[in-house]
Amino acid sequence: MRILLANNTLSQLAGSETWTCALALQLKKLGHEVECFSPQLGAISDHLARQEIGCRDRFGKWTRSFSKIFSNWKYDVIIANHHHI
């Protein structure tokens, strides 16, 4: 499945941020294609990017050069935390 995880921030070592990180890593281990979104990137998104999970702060800008992989994504599942996300 193609899965988008979205969170308020991916910059802090805090509750929903670490939960999103753990979920993304486990979903990838299970063979899913995972991408993350947050308007605020940082420590968590950097860690995910090192694990080859694309993270972005807006649609169109990437933290790493994953655009060839994810350029035409349509998601099977979107898991979004926080009401404004």
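A: Here is a walk through the salt bridges, with some background on the fold to begin with.

Before anything else, this is a predicted model, where local features need pLDDT of at least 70, side-chain atom pairs count only at pLDDT 80 or more, and totals for chains, interfaces and linings use all residues. Residues are numbered from 1 along each chain as its sequence is written, and side-chain values use heavy atoms, with hydrogens and water left out.

Okay, the fold. You've got three helices and four strands, laid out along the sequence as β-α-β-α-β-α-β. Helices here are DSSP runs of H or I with at least four residues, strands are runs of E with at least two, and both are numbered from the N terminus. Of the 85 residues, 38% are buried; buried means under 20% relative accessible area, exposed means over 50%, and partly exposed is in between, using a 1.4 Å probe and protein chains only. Contacts count when heavy atoms are within 4.5 Å, and among those between residues at least 6 apart in sequence, 62% join residues at least 24 apart.

Now for the salt bridges: the structure holds two. The cut-off is a side-chain nitrogen of Lys or Arg within 4 Å of a carboxyl oxygen of Asp or Glu. In general, side chains of opposite charge can pair when their charged atoms come close.

One of the pairs is Arg2 with Glu33, whose closest N and O atoms are 3.7 Å apart. That pair links distant parts of the chain, since Arg2 belongs to strand S1 and Glu33 to strand S2 (residues 33-37), 31 residues apart. Strand S1 itself covers residues 2-6. While you're at Arg2, its C-alpha atom is 9.9 Å from that of Leu27, which is 25 residues away along the chain.

Then there's Arg56 with Glu35, where the N to O distance is 2.6 Å.
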